[in-house]
Amino acid sequence: MKTQKLISVILSIVLLVAGLSIGAFSANVPTRSSESATDPANPSEPSTDSANPSEPSTDPANPSEPSTDPANPSEPSTDPANPSEPSTDPANPSEPSTDPATPDLTIDTEIVKEISGIAYAAPYITAEKIIKAAGCVEKILKADETELENDKYVGSGMTLVKTDGTKLTVVVKGDNDSDGKITAADARFALRASVNLETPNDWKANASEVDGEEKITAADARLILRASVNLETLDLY
């Protein structure tokens, strides 16, 4: 009986000691929650993931980074099509033009034509008509250098002054007395010149030579006479 009590006491003591040991061991073992997480997915750890918004991005598509893309409006453009760049296109109206284009002032109409410094004019044409037809004639001067009135006929030996200052001698075929008409007097002068009874100057000789030959003959006098009565129409030049 005493032996059983003693065994019970010993077992109790052993169980007590074992319980104390287990409790002490449990108190010294750290729990998982008290460990610091090293999982890169743990938000409490500083992330080095490039997708983490807390990290500065080096992605060129990141708007926080300065863009070097020429299409980026924040970058200065060097595209010549960019309106902020000065244009060197000669067609650009903002650029001064260096084209020295000069209008053509050559006279070429049905009533007056410029050939080799001479203005060949039709007979019975007033100064006003020639000025309007040519478009580049400033005035007509008579032999005495006075200006011909607009309603007067332009005759051989007169001077046509162009708007650029060029001067042309006027020749009206068949008119060798400078009245702008073809008359019997012109035919008479041509006939006398053909037999050396008259010595015409350059413009009179040009006006009297009407048949295409290089000298004044009786044939020229005949054509001029017929033209004076409207039986012939002389060429302009």
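Predicted model: local features only at pLDDT ≥ 70, side-chain atom pairs only at ≥ 80, totals over all residues.
**Entry 1: two helices**

H3 covers residues 184-194 and H5 covers residues 218-228. Their axes come within 8 Å. The crossing angle is roughly 175 degrees. Angles over 145 degrees count as roughly antiparallel, so H3 is roughly antiparallel to H5.

Next I listed the residues in contact. From H3 I noted Ala184, Asp186, Ala187, Ala190, Leu191 and Ser194. They meet Ala218, Ala221, Ile224, Leu225 and Ser228 of H5. I sorted the residues of this contact by type: 8 are nonpolar, 2 are polar and 1 is charged.

**Entry 2: the whole chain**

I counted 5 helices and 5 strands. Starting at the N terminus, the order reads α-β-β-α-β-β-β-α-α-α. The chain has 237 residues, and 26% of them count as buried. I also checked contacts with a separation of 6 or more: 48% of these join residues 24 or more positions apart.

**Entry 3: the sheet**

In what order do the strands of the sheet stand? I read S1-S2-S5-S4-S3, an open sheet of 5 strands with mixed pairing. Strand S1 (112-115) and S3 are the edge strands, and each pairs on one side only. From one strand to the next, the twist averages 30 degrees.

Strand S4 (residues 159-162) runs antiparallel to S5, and 3 bridges join the two. Leu160 stands opposite Leu168 in S5.

H2 lies across S1, S2, S3 and S4. H2 runs at about 155 degrees to S3.

**Entry 4: the cores**

The largest nonpolar core has 20 residues. Ile107, Val112, Ile130, Ile140, Val154, Leu160 and Val170 touch the most other members. Which elements give two or more residues to this core? I noted strand S2 (118-121), helix H2 (127-134), strand S3 (137-141) and strand S5 (167-171). H2 gives the most, with 3 residues.

I followed Val112 further. Leaving out residues up to four places away in sequence, Val112 touches Ile107, Ala119, Tyr120, Ala121, Ile130, Ala134, Leu160 and Leu236.

Terms used:
Residues numbered from 1 in each chain as written. Heavy atoms only, no water. Core = buried A, V, L, I, M, F, W, Y, C linked by side-chain atoms within 4.5 Å. Buried < 20%, exposed > 50% of the residue type's maximum accessible area, 1.4 Å probe, protein only. Helix = DSSP H or I, 4+ residues; strand = E, 2+ residues; numbered from the N terminus. Contact = heavy atoms within 4.5 Å. Axes fitted to C-alpha atoms, helices over the stretch in contact; angles between N-to-C directions. Parallel < 35°, antiparallel > 145°, perpendicular 65-115°, else oblique. Nonpolar A, V, L, I, M, F, W, Y, C, P; charged D, E, K, R; others polar. Pairing = 2+ DSSP bridges.
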